[in-house]
Amino acid sequence: MQGQTLGEALALLQGEWWPTYTSCTAFWIPFMAANFRMVAPARRVQAMAVANMFWNVVIDYLAHRQLHAPPSPERPALLFRTEQPKTVVWPLC
């Protein structure tokens, strides 16, 4: 996952699974109920597309909220990124 070792990925999964699951459930279950109850059948796909775009913003925020956290003694503020982003190369099948 994103250039991490297996141990790092498992630790991230253990720490982030529950908040991600609860926010997903809190968003999608009420949305689906409202979508099927109030939206015309011909417009349900468009409503899902709009909701999915909103959800992508939410999940991106959840995934990157540590980058935008206020500085602390353990994580001082950085003016410039000191490391290059890791490039993931997917093998062609």
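## Aromatic pairs

Rings of Phe, Tyr and Trp (its six-membered ring) are taken to pair if their centres lie within 6.5 Å, and such a pair counts as stacked with planes under 30 degrees apart, as edge-to-face with planes over 60 degrees apart, and as tilted for the rest. By this definition the structure, which is a predicted model, holds 9 aromatic pairs. One of them joins Phe27 and Trp55 in a stacked arrangement, at 5.5 Å centre to centre and with 15° between the planes. Phe27 belongs to helix H1 and Trp55 to helix H2, so this pair ties together parts that are 28 residues apart in sequence. Ring pairs also link Phe27, Trp28, Phe31, Phe54 and Trp55 into a cluster.

## Basis of the values

The model is predicted, and local features therefore need pLDDT of at least 70 and side-chain atom pairs count only at pLDDT 80 or more, while totals for chains, interfaces and linings use all residues. Residues are numbered from 1 along each chain as its sequence is written, and side-chain values use heavy atoms, with hydrogens and water left out.

## Chain overview

The chain has 2 helices and 0 strands, where helices (H or I, at least four residues) and strands (E, at least two) are DSSP runs numbered from the N terminus. Of its 93 residues, 10% count as buried; buried means under 20% relative accessible area, exposed means over 50%, and partly exposed lies in between, with a 1.4 Å probe and protein chains only. The chain exposes about 8400 Å², of which carbon and sulfur atoms supply 68%, the areas coming from the Shrake-Rupley method with a 1.4 Å probe.

Contact is defined by heavy atoms within 4.5 Å. Among the contacts in the chain with a separation of 6 or more, 46% are accounted for by residues 24 or more positions apart.

The buried residues of H2 are Ala47, Ala51, Trp55 and Leu62. Seen down the axis of H2, these buried residues fall within an arc of 60°, so they line one face of the helix, the arc being that of the directions from the helix axis to the C-beta atoms. An α-helix has 3.6 residues a turn, so residues three or four places apart point the same way.

The buried residues of H2 pack against helix H1, residues 6-38. The face of H2 turned away from its buried side carries the exposed residues Val45, Val50, Met53, Val57 and Ala63. Val58, also found in helix H2, is partly exposed, with a relative accessible area of 22%. The C-alpha atoms of Val58 and Thr20 are 9.7 Å apart in space, although these residues are 38 residues apart in sequence.

## The nonpolar core

A nonpolar core is a set of buried Ala, Val, Leu, Ile, Met, Phe, Trp, Tyr and Cys residues joined through side-chain atoms within 4.5 Å. The largest one here has 6 residues, namely Phe27, Trp28, Phe31, Ala47, Ala51 and Trp55, and H1 and H2 each supply at least two residues of this core. Leaving aside its neighbours within four places in sequence, Trp55 is in contact with Ser23, Cys24, Phe27 and Trp28.

Trp28, placed in helix H1, is buried, with a relative accessible area of 14%. Not counting residues up to four places away in sequence, Trp28 touches Met48, Ala51, Asn52 and Trp55. Trp28 and Ala51 are 23 residues apart in sequence, and their C-alpha atoms are 8.6 Å apart in space.

## Ala47 and Asn35

Ala47, a residue of helix H2, is buried, with a relative accessible area of 18%. Beyond residues up to four places away in sequence, Ala47 touches Phe31, Asn35 and Val39. From Ala47 to Phe31 the C-alpha distance is 9.4 Å, across 16 residues in sequence.

Asn35 lies in helix H1 and is buried, with a relative accessible area of 2%. With residues up to four places away in sequence not counted, Asn35 touches Arg44, Ala47 and Met48.
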